Amino acid sequence: MTIQVTHTHGEDITVRSGGVELLRYVYRPDPDAFEARKPYIHPLRTLGGQRVSGYRPSDHRWHKGLQMTASHLSGQNFWGGNSYVHGEGYLALPERVGSMRHESFPVLAVRDDRFTLAEELTWVANGGQEWAREERGITVHSVDPAAGAWALDWSIRLTNVRDEPLRFGSPTTAGREMAGYTGLQWRGPRDFTGGTVFGPGDPARGEHGLMGTRGPWLAYTAEHDDVDAHSTLVFAHAPEGEEGSAAHASHWFVRAEPIPTVAFSWAFFDEFALEPGESFAYRYRLVVADGAWDRDRVGAHLEGLTW
């Protein structure tokens with residue numbers, strides 16, 4: 001199905017299909033530095049037009065749709081908001097909050113059924129020091145009206161430009177149990193609170209059973225307010241990430257209560273270091289679907305998509 005793209009230079013890129021705005025990639029950061037100024041995707045919608053992302057919710061103003069984050073990075077916070085300090089809890093430490101600066105789009109390519117974006121960014125510590133260079137890729141593809149679904153691939157290649165190691169962690173590596181969030185994070189809309197979470201394995205596990213686990217994919221389905229409709233989001237690792245051959249094996253961070261959120265956490269339980277001049281890379285996929293999909297439907301649909 002045909003994809004249309006509108007680029008408002010210096011602001012955002014909007015992707016549409018079938019008359020529906022599927023996503024808006026905002027690369028001019030929001031003004032509040034405490035929210036970790038960086039690009040994000042919001043809104044995110046199904047082919048049926050249902051919004052499946054949240055933006056600046058009252059509980060966490062720094063949660064913005066789908067965004068790349070790093071909650072604990074060598075003493076800095078590229079997630080936004082309060083920072084977790086062991087023994088003291090969450091503290092407002094604005095001097096620790098970094099940012100991600102858009103530099104350029106080496107690639108903006110549209111085919112009839114595919115949109116590809118390549119972006120160069122710089123990760124900047126709070127004091128202005130440049131810590132990392134990022135090569136980001138976002139691809140919209142597999143728009144399938146018959147299935148009621150489309151797919152978004154997100155890749156990152158991050159290179160340490162400091163003269164010392166970059167140390168990646170999370171609240172869990174800092175001492176808070178089962179709060180290992182970091183990496184690519186999705187925040188759902190308010191009506192996704194209390195949704196159903198499942199993976200390819202034991203159907204009884206749910207969000208609590210899947211928190212901190214590894215697996216090829218995880219699905220989140222919920223019923224909307226205002227309209228008689230359900231939507232499903234499927235989060236999937238590229239094969240190399242699933243098998244743990246990336247820089248560090250990723251685990252799921254997932255909550256349905258009290259807030260709806262999923263993150264591909266690259267440092268859930270253990271810190272890891274990125275040495276000067278070294279790089280790591282990850283690839284992720286998000287399938288956005290109308291309807292309440294079940295395990296069999298998710299598995300079959302993912303098998304029909306290639307990397």
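I took strands (E, at least two residues) and helices (H or I, at least four) as DSSP runs numbered from the N terminus, and I counted two strands as paired if DSSP finds at least two bridges between them. I worked on a predicted model, in which local features need pLDDT of at least 70 and side-chain atom pairs count only at pLDDT 80 or more, while totals for chains, interfaces and linings use all residues. Residues are numbered from 1 along each chain as its sequence is written, and side-chain values use heavy atoms, with hydrogens and water left out.

**Sheet.** I looked up the strand order and found an open, antiparallel sheet of eight strands, E9-E10-E11-E12-E21-E17-E16-E15. Its edges are E9 (99–111) and E15 (196–198), each pairing on one side only. I then followed E17 (residues 230–237), which is joined to the antiparallel E21 (residues 279–290) by seven bridges; Leu-233 has Val-288 in E21 as its bridge partner.

**Pockets.** I searched for pockets on a 1 Å grid over the protein atoms alone, a pocket being an open set of points where a 1.4 Å probe fits, with protein on both sides within 12 Å along at least five of seven lines, and lining residues having an atom within 4 Å of a point. For the largest pocket I noted 16 lining residues, with Arg-51, Pro-189, Arg-190, Asp-191 and His-224 nearest its centre. The second largest pocket is lined by 14 residues, and those nearest its centre are His-60, His-63, Tyr-90, Tyr-181 and Arg-255.
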